[in-house]
Amino acid sequence: MELKLIEEGLLKLLAENHYSEGTIKTYKQFWRRLEDFLLEKFGSTEFSMARGMLYLNERCSFLKNYQRETLPQQRVQYLRMVHLLEDYQLHGVLTRRYYAAKNPIVLDGEYLSIHEGFKAYIQTTQCSKNTANHYTRISCVLLDYLRQKSLEVGSIDLAACNGFLSTFSGYSYKAIEQTTCGLRYFLRYLNETSILANSISDKIHMAKMSKQAKIPCVWKAADLKCLLQTVPRNSPIGKRDYAMILTACILGLRSIDLKHLTLDDFDWKRKLLTFRQHKTGKSITLPIPNPVGWAIIDYIRNGRPQVFETRILFVKHMPPFDPIGDENHLQGIISHYMNKAGIKKESKHGFHSLRHTAASLLLEGGTPLEIITEVLGHSSTDVTSVYLKIDIKNLEQCVLPLDFEKEGGDAITIQ
């Protein structure tokens, strides 16, 4: 498809979705430069993702700088501009790979009333707050997709659902899995409320992939020690961050549970921490190791703002000192200290990787799998067994000797 045709359709959608004149002007300037490049390089303005990436590489060595993490944020936005072209070319809609607060999805008419009904309904279910918010968000994106395609909600079929899911091409398996779950849930709601006559939720399938397929990301002991040493423990925020990181990598708490800890969860006399897991709804009691206990006490006494409106332990350090929001996954804290310590991001090191590291440390210490399951709050040892993949020391003992024959008939044994 010619770049000009794609651009015309996108500009119309950008205007309809209340993008600012400044943003639209920036997009147009970028696409104009891309058009000049296509004419000079290929003699036509026929667009493809490959040609778009070639332009980015020649303009700013995009891939090389992206891998080195030396790419300015402005250059990262160029990738979004190319993605918009590809997504419109493939799907005929304006996709939102990044949530923009200034350009929220705006629904109206039937789409808005159905979304409001689903939003009210899901609050009455047993879904956790995070799951409810996630499914509500997916329903909003789906309804916006249908609106752009001029499809009525009552006429949704399998082709429309597959078309919607195809707009998430390139996302991680986990993101697509969560989107598919949200889509199924919303379709069941439409069916139960007679908005959708046919039940098609059970016809939408995910590719078969075991959750055991991935190897958990864990920290090297040297890197983790370097990270903790980088946290300034003489400042209030540093005391908070140090206590959070140490608690996560020793006790293996999820970030959501860490953010919901209260002052009342700690039994200091018996050195026990008891809290209800946000993901499972089940209570768990853990011993408080001395390093964790003293780090938290130091934060409470010398770092935590004098907040009387909340019993939440870890709070923001700017007025009005609110609890840290559920949408904040604490990735920024880890990234900040990794950059400060000069630790290379060779693999994904989100806050959840500290939970994986806690499991790794327990395994290395010879802790039975059943105990690790209890500490992490897993439903069974089958869930915890994924961490056996990172126990390299014991895995080496499982290697079988291999026998080969060399020329002359002598055997070669490899241990």
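Ser194 sits in the loop between H9 and helix H10 (221–230). Here helices (H or I, at least four residues) and strands (E, at least two) are DSSP runs, numbered from the N terminus. Ser194 is not a glycine, yet its phi is positive, about 65°. With a relative accessibility of 63%, Ser194 counts as exposed; the cut-offs are under 20% relative accessible area for buried, over 50% for exposed, and partly exposed in between, using a 1.4 Å probe and protein chains only.

A word on what you are looking at: this is a predicted model, in which local features need pLDDT of at least 70, side-chain atom pairs count only at pLDDT 80 or more, and totals for chains, interfaces and linings use all residues. Residues are numbered from 1 along each chain as its sequence is written, and side-chain values use heavy atoms, with hydrogens and water left out.

## The loop between H13 and H14

Another loop to look at runs between helix H13 (290–302) and helix H14 (331–341), and Pro320 lies in it. The peptide bond joining Pro319 and Pro320 is cis, with omega about 5°.

Phe321 also has its place in the loop between H13 and H14. Its phi is near 55°, a positive value in a residue other than glycine. Phe321 is partly exposed, at a relative accessible area of 28%.

## The protein as a whole

The protein has 18 helices and five strands. It contains 415 residues, and 44% of them count as buried. The exposed surface comes to about 23,500 Å², of which carbon and sulfur atoms supply 53%; accessible areas come from the Shrake-Rupley method with a 1.4 Å probe, and for residues only the protein chains shown count as cover.

Contact here means heavy atoms within 4.5 Å.

## How H2 meets H3

Two packed helices are described by the angle between their axes and the distance between the axes. For helix H2 (residues 21–42) and helix H3 (residues 49–60), the axes come within 10 Å and cross at roughly 100°. The axes are lines fitted to C-alpha atoms, for helices over the stretch in contact, and angles run from 0 to 180 degrees between N-to-C directions. H2 and H3 are therefore roughly perpendicular to each other; angles of 65 to 115 degrees count as such, while those under 35 are roughly parallel, those over 145 roughly antiparallel and the rest oblique.

On the H2 side, the contact is made by Phe30, Arg33, Leu34, Phe37, Leu38, Lys41 and Phe42, and on the H3 side by Arg51, Gly52, Leu54, Tyr55, Leu56, Glu58 and Arg59. These residues divide into eight nonpolar, one polar and five charged. In this grouping Ala, Val, Leu, Ile, Met, Phe, Trp, Tyr, Cys and Pro are nonpolar, Asp, Glu, Lys and Arg are charged, and the others, Gly among them, are polar.

## Aromatic pairs

A pair of aromatic rings is described by the distance of the centres and the angle of the planes. Rings of Phe, Tyr and Trp (its six-membered ring) pair if their centres lie within 6.5 Å; planes under 30 degrees apart count as stacked, over 60 as edge-to-face and the rest as tilted. By this rule there are 15 aromatic pairs.

One of them is the edge-to-face pair of Phe118 and Tyr185, at 6.3 Å centre to centre with 65° between the planes. Phe118 lies in helix H6 (residues 109–122) and Tyr185 in helix H9 (residues 173–192), so the pair ties together parts that are 67 residues apart in sequence. Phe118 and Tyr185 are buried. Phe164 and Phe168 also form an edge-to-face pair, at 5.3 Å centre to centre with 75° between the planes. Phe164 is buried at 1% relative accessibility, and Phe168 is buried at 14%. Ring pairs also link Phe118, Tyr121, Tyr135, Tyr185, Phe186 and Tyr189 into a cluster.

Glu86 has its place in helix H5 (residues 73–91). It is buried, with a relative accessible area of 19%. Leaving aside residues up to four places away in sequence, Glu86 touches Phe47 and Met49.

Lys12 belongs to helix H1 (residues 3–16) and is exposed, at 56% relative accessible area. Lys25, in helix H2, is exposed at 54%.
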